[in-house]
Amino acid sequence: EQLALATPGVPIGRAKALADYDPRLSCVSAPGAVTVIVLSQCPQTHPAPSPDLLRAVAHYLERRRLLTTEVHVIGPEYTKVAVRATLHATPETSSRELIAQATASLNQFFDPISGGPDGSGWPMGRAVYRAEILALLNALPGVVYVDEVILETVVKSPTAACDCCQEQERAIPARCGNIDICPHGLVVPGQHHITVSIERAVP
């Protein structure tokens with residue numbers, strides 16, 4: 001990881017090395033293989049490295065690897081995650097402001113560069129847990145409690161709306177409430193659906 005970050009003239013934001021891992025054989029252990037996942041420093045929603053950046057890092061690592069080690073340099077596989085939830089709030093809470101705050105908090109939490117539990121970027125391959133999302137939303141000012149929290153993965157599927165092959169996004173609820181991420185994967189925020197229910201004041 002340190003060597004990848006030290007590649008001259010290459011703007012790398014993050015690097016993660018996986019031992020005994022080949023992205024072409026992600027379901028089995030690959031002894032002797034090392035896969036390095038790199039992210040660009042460029043400010044974008046999905047900081048994917050360009051082919052030239054990947055080649056530069058691979059070339060730099062090639063001259064420094066052990067002879068018996070096979071090194072792969074790739075970009076991350078992104079999983080778009082959307083949250084559907086109902087927030088029950090105090091009477092003085094503005095529904096519009098709470099929805100905006102909840103959306104911003106979720107987007108920040110899912111940020112691949114500055115998100116995650118510790119704010120240093122979503123950990124590579126880390127699952128998304130419903131309990132953490134529930135805690136995050138419960139901690140927002142004005143929220144009494146949260147229910148109906150559903151995590152959804154967003155996938156693209158073809159549609160026959162016209163002669164050309166178009167694509168549309170559709171959300172799939174996560175099994176068991178959590179979302180698993182592949183070892184070289186990261187998450188990015190999808191289109192969240194937040195509903196606010198104002199609780200009646202107790203007389």
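**Entry 1: Threonine 79**

I looked up threonine 79 and found that, at 18% relative accessibility, it counts as buried (buried means under 20% relative accessible area, exposed over 50%, partly exposed in between, with a 1.4 Å probe and protein chains only). The model is predicted: local features need pLDDT of at least 70, side-chain atom pairs count only at pLDDT 80 or more, and totals for chains, interfaces and linings use all residues. Residues are numbered from 1 along each chain as its sequence is written, and side-chain values use heavy atoms, with hydrogens and water left out.

Threonine 79 is found in strand 4 (helices, H or I of at least four residues, and strands, E of at least two, are DSSP runs numbered from the N terminus). Leaving aside neighbours within four places in sequence, I found threonine 79 in contact with Thr153, Ile181, Leu186, Val187 and Val188 (contact means heavy atoms within 4.5 Å).

**Entry 2: Nonpolar cores**

I then turned to the largest nonpolar core, which has 33 residues (a core is a set of buried Ala, Val, Leu, Ile, Met, Phe, Trp, Tyr and Cys residues joined through side-chain atoms within 4.5 Å). Val83, Leu87, Phe110, Val128, Ile133 and Leu137 have the most contacts inside it. Strand 4 gives the largest share of this core, 6 residues. I checked valine 83: among the residues it touches are Leu106, Phe110, Ile133 and His193, not counting residues up to four places away in sequence. A second, separate core of 11 residues includes Ala4, Val10, Val38 and Leu53.

I traced an open sheet of 3 strands in the order 1-2-3, with mixed pairing (two strands pair if DSSP finds at least two bridges between them). Strand 1 (12-19) and strand 3 (70-74) stand at the edges with a single partner strand each, so one side of each is left without a neighbour in the sheet. Strand 2 (residues 33-40) and strand 3 run parallel and are joined by 5 bridges. In this pairing, valine 34 stands opposite valine 71 in strand 3.

**Entry 3: Salt bridges**

I noted 6 salt bridges in the structure (a side-chain nitrogen of Lys or Arg within 4 Å of a carboxyl oxygen of Asp or Glu). Arginine 24 forms one with aspartate 22, the closest N and O atoms being 2.8 Å apart. Arginine 24 is exposed at 62% relative accessible area, whereas aspartate 22 is buried at 4%. Aspartate 52 bridges to arginine 55, with the closest N and O atoms 2.2 Å apart; both residues are exposed.
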